[in-house]
Amino acid sequence: MMQRLEREFAGRKLSLEIGRMAKLAHGSCVVQFGETVVLVAVTTQDRPTHLPFFPLTIEYREKSYAAGKIPGGFFKREGRPGEKEILSARQIDRPLRPLFPDGFMHEVQVVCNILSADQENDADVIALLGASLALNMSKVPFRTPVAAVRLGRIQGNWILNPTFQQLEYSDVDIVVAGSHDAVTMVEGGAVEASEEDILEGLEIAHEGIRELTAIQEEILDGIRQPEMEWSPTLPRETIQNKVEDLARKRVAEAMAISEKSERRQALAAIREDVTDTLQSELAEDEFAEYDEALGDILRGIEKETMRERILSEGARADGRDLDTVRDISCDIGILPRTHGSALFTRGQTQALAVATLGTSRDEQRIDSIDAHEEISKSFMLHYNFPPFCVGEARPMRGTSRREIGHGVLAERAIQPLLPDYDDFPYTIRIVSDVLESNGSSSMATVCGSSLALMAAGVPIRAACAGVAMGLIKEGDRTAVLTDILGLEDALGDMDFKVAGTRSGITSIQMDIKVEGLTREILREALERAHKARIHILDIMDQTISEAREELSEHAPRIMTIQVNPEKLGEIIGPKGKTIRAIQEETGARIEVDDSGLVKIASVSGEGGTRAREMIEGIVKEPEVGRIYEGPVKNTTSFGAFIEILPGTEGLCHISELAEGRVEKTEDVLNKGDVTRVKLLAIDEKGRLRLSRRAALAEEGEKVGAAEGSSE
């Protein structure tokens, strides 16, 4: 039976519909906001998986027909998900995953199909609303309605779910997700917003989330399916106790080792010894049950040991206290042929960031259902996480979802600090190769990227740094950790990344594994992150504190000229002949825009200058009273036609060729001769009247005056 609930939210109509589409799924709904429509379907397997992790899959897919478009390319159908789809899927996954019950190991798939895009409202936040509703109405043991809102701010006024057009004027763009009781995820960026601004915005966003969870509860009343039968995939108590007796003391000793690789070796040795002991003491069928549970039990002991040391002793795995940032080193200009390079190392996390400058031809073209036309992108930051950075050997098969997400997080941190494109008309690409990773490689990428841009001579507004904060929470006992390790990320309760300048926050991302955070914990985490960020910036400033004045000698020099659009045809020439000739002669690369903007890019400064002079010569307008030098293009009985500018000719009448009477034009000038003439006038038809006689007389007077002054 179809049901539909309509409410007003953020000034637009929001509707939730169930019972009409995808009825064979275990839970499905259609969510409409404005004229953007999302279908969400949830399915689950009846048997648990044998994988060592909860197999939740979120698929977010945009349909080209949603915006009245046909896909580009040869195949004309949607293929693998694009960057926006991957980011939106991750954004939905992160607030949902921690809310499934412990031990639930049945595979769950959530598919979000964007069926209609009004190119005003982003579908990502309403897709999470639909996923929550579909999960809660299904047989899956998920009984906590969650929702998300996008938060914007225009001229100091907070806006929930701003349109794409409003976001162009907003200095904040943050997606906040949570339940009725607490915020569980934050993702977005700002133009140097203060910590107090962020806290205020999160409170306003949470009010909107509460409104959306209440709407879900209203439609869920009476339609929830009975929860499926399942049992936690947990080891038996006897197995748990025996493994703990064999391993707990040794695990505690291993967890006190500060060096990551040594700690991993010690833990691996413990597992091997426990396995050998169990194998020798137990029958084969009994040992199989122990062996299957061994990994989970040891990980549980590691987690308990680490968390208790921090809460009771304030001692972290690497020996630091809660507030200390790991040792930092910064190096720039280490790669001789790149435009800008930096190596940023913090503890055992290291990122090599390389900046490359290009022209508008290097911009990324994006065909999106959220825009009427193709979008061009002139700044890109790409993050790579090879397996050797964590001491592993595994296949490298394309860019992972994690790499895409971390790259966009760092890109968002740097973007607000770049110069305006009109002032610095370069396409900028940064590549961050993570060479070592023991926590917070995305924030090391932010720091390295800032250094690389300055080393390249890109005039960014300010240096940018980032730090990841963690949390250990057991009941009323809490500990906020600064600059977390990979271990503290994996076994802790929060990963809160904050990046920005001395003036404010530019990028933020928070994921938690507990049900929610209080305002006091959020405030403490932001304050400590600010303190750590300033500390990191102080160290970075010792290496380079502002952008170099000169670009790298290997970077292109870009000059811009604004010309009359009617002159573009003359610059291009018939079939591109003129512009090609200029490029071949000077070695410069020339791009023209319909607006009349001409860009000249050249690694050689001389080549660029010469190309600019040639173009200026083509587009230059003749000035009355000015003396020009040019070739005689043709002679007639009444005078000579002389080219004073490329493509611009005028008539020098026979009476203006010389002093006194001239019987025949050829007595003074012949075709091909180069002479100097003065532009006397331009008539109403645009014809130019030239005088050789006036030019000679004027220059003669100047020579005479100069000679007189010398005497």
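**Helix 14 and its cover**

Let's begin with what covers the buried residues of helix 14: the cover includes strand 22 (557–562), helix 12 (568–572), helix 13 (577–586), strand 23 (589–592), strand 24 (597–602) and strand 26 (639–645). A caution before going on: this is a predicted model.

Which residues of helix 14 are buried? They are Gly607, Gly608, Ala611, Met614, Ile615, Gly617, Ile618 and Val619. Each is under 20% relative accessible area.

Now the geometry. Helix 14 runs over residues 605–619, which is 15 residues. At 1.5 Å a residue, helix 14 should span 21 Å.

**The whole protein**

Step back. The protein holds 15 helices and 29 strands. What is its radius of gyration? It is 34 Å, whereas a compact globule of 711 residues would have one near 27 Å. Along the principal axes, the C-alpha atoms fill a box of roughly 125 × 60 × 50 Å.

Next, contacts. Take those between residues at least 6 apart in sequence: 69% of them join residues at least 24 apart.

On burial, 53% of the 711 residues are buried. The accessible surface is about 33600 Å². Carbon and sulfur atoms account for 48% of that surface.

Last, charge. There are 85 positive and 121 negative charges. Their mean positions lie 4 Å apart.

That's the tour. Questions, please.

Technical notes: Residues numbered from 1 in each chain as written. Predicted model: local features only at pLDDT ≥ 70, side-chain atom pairs only at ≥ 80, totals over all residues. Heavy atoms only, no water. Helix = DSSP H or I, 4+ residues; strand = E, 2+ residues; numbered from the N terminus. Rg over C-alpha atoms; globule rule 2.2 N^0.38 Å. Buried < 20%, exposed > 50% of the residue type's maximum accessible area, 1.4 Å probe, protein only. Contact = heavy atoms within 4.5 Å. Areas by Shrake-Rupley, 256 points an atom, 1.4 Å probe, with all protein chains shown as cover. Lys, Arg positive; Asp, Glu negative; His and termini not counted. Charge placed at Lys NZ, Arg CZ, Asp CG, Glu CD. Expected span 1.5 Å × (residues − 1).
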